[in-house]
Amino acid sequence: MGIKELGHVVLYVRDVGRSAAFYRDVLGFQQIGGGELGPAPVAAFSSGRTHHELLLIEVGPDAQALPVGRRVGLYHIGFKVGDSDDELREMLRHLHDHDATLVGSSDHGVTHSLYLLDPDGNELELYVD
């Protein structure tokens, strides 16, 4: 008995339209749904692997920002974008074309990674094996 895979991630966002555009148009997720969850607007996304891998829930423009610096909680979410450095370079060009906020890159030996921020400051890792 144990975990078989990470099923999905849910993020609170200030503006679901703005964040949906980022995850859809910049990162290439397929938006598979939207609407409301109770009083909150939501958007759901999939890479095609499962029914959904990402859900965004709007909390409004006055929501508290993520604290800066070392803190307890989520550090980043990693998304595989391919299997070759050429694919990662293509993603880097795409991110530059969309004025994405890049905050780093790394060679982990088994992966090469780019790090960027989404519109609400959540850190994302885009990597190739």
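How much space lies in the largest pocket? The volume is about 450 Å³. This is a predicted model, in which local features need pLDDT of at least 70, side-chain atom pairs count only at pLDDT 80 or more, and totals for chains, interfaces and linings use all residues. Residues are numbered from 1 along each chain as its sequence is written, and side-chain values use heavy atoms, with hydrogens and water left out.

**Pockets**

A pocket is an open set of points on a 1 Å grid over the protein atoms alone, where a 1.4 Å probe fits, with protein on both sides within 12 Å along at least five of seven lines; lining residues have an atom within 4 Å of a point. The volume is the space filled by probe spheres set on the points.

The lining of the largest pocket consists of 20 residues, and Phe-29, Glu-53, Gly-78, Phe-79 and Lys-80 lie nearest its centre. Strands β5 (77-82) and β8 (123-128) each contribute at least two lining residues; β5 gives the largest share, with five. Strands are DSSP runs of E with at least two residues, helices are runs of H or I with at least four, and both are numbered from the N terminus.

The second largest pocket has a volume of about 160 Å³. Its lining includes Leu-11, Tyr-12, Val-13 and Arg-14, as well as Asp-120 and Asn-122. The table gives the linings by class, where Ala, Val, Leu, Ile, Met, Phe, Trp, Tyr, Cys and Pro count as nonpolar, Asp, Glu, Lys and Arg as charged, and the others, Gly among them, as polar.

| Pocket | Volume | Lining by class |
|---|---|---|
| Largest pocket | about 450 Å³ | 11 nonpolar, six polar and three charged residues |
| Second largest pocket | about 160 Å³ | seven nonpolar, two polar and two charged residues |

**Aromatic pairs**

The structure holds four aromatic pairs. Rings of Phe, Tyr and Trp (its six-membered ring) pair if their centres lie within 6.5 Å; planes under 30 degrees apart count as stacked, over 60 as edge-to-face and the rest as tilted. Tyr-23 and Phe-45 form a tilted pair, because their ring centres are 6.4 Å apart and their planes stand at 45 degrees. This pair links distant parts of the chain, with Tyr-23 in helix α1 (residues 16-26) and Phe-45 in strand β3 (residues 40-46), 22 residues apart. Tyr-23 is buried (under 20% relative accessible area), at 0% relative accessibility, and Phe-45 is buried at 0%.

Phe-45 also pairs with Phe-29: the centres are 6.3 Å apart and the planes at 65 degrees, so this pair is edge-to-face. Phe-29 lies in the loop between α1 and β2 (30-37), so its pair with Phe-45 in β3 ties together parts that are 16 residues apart in sequence. Phe-29 is buried, with a relative accessible area of 10%. One aromatic cluster is formed by Phe-22, Tyr-23, Phe-29, Phe-45 and Phe-79.

**The sheet**

Four strands form an open sheet of mixed pairing, in the order β1-β4-β3-β2. Each edge strand, β1 (9-13) and β2, has a single partner, so one side of each is left without a neighbour in the sheet. Two strands pair if DSSP finds at least two bridges between them. β2 and β3 are antiparallel over seven bridges, with Leu-37 opposite Ala-40 in β3. β3 and β4 also run antiparallel, joined by four bridges; Ala-44 has Leu-55 in β4 as its bridge partner. β1 and β4 run parallel with five bridges, and Val-13 has Glu-58 in β4 as its bridge partner. Four of the five residues of β4 (residues 54-58) are buried, so this strand is largely enclosed by the rest of the structure.

Note on methods: Buried means under 20% relative accessible area, exposed over 50%, partly exposed in between (1.4 Å probe, protein chains only).
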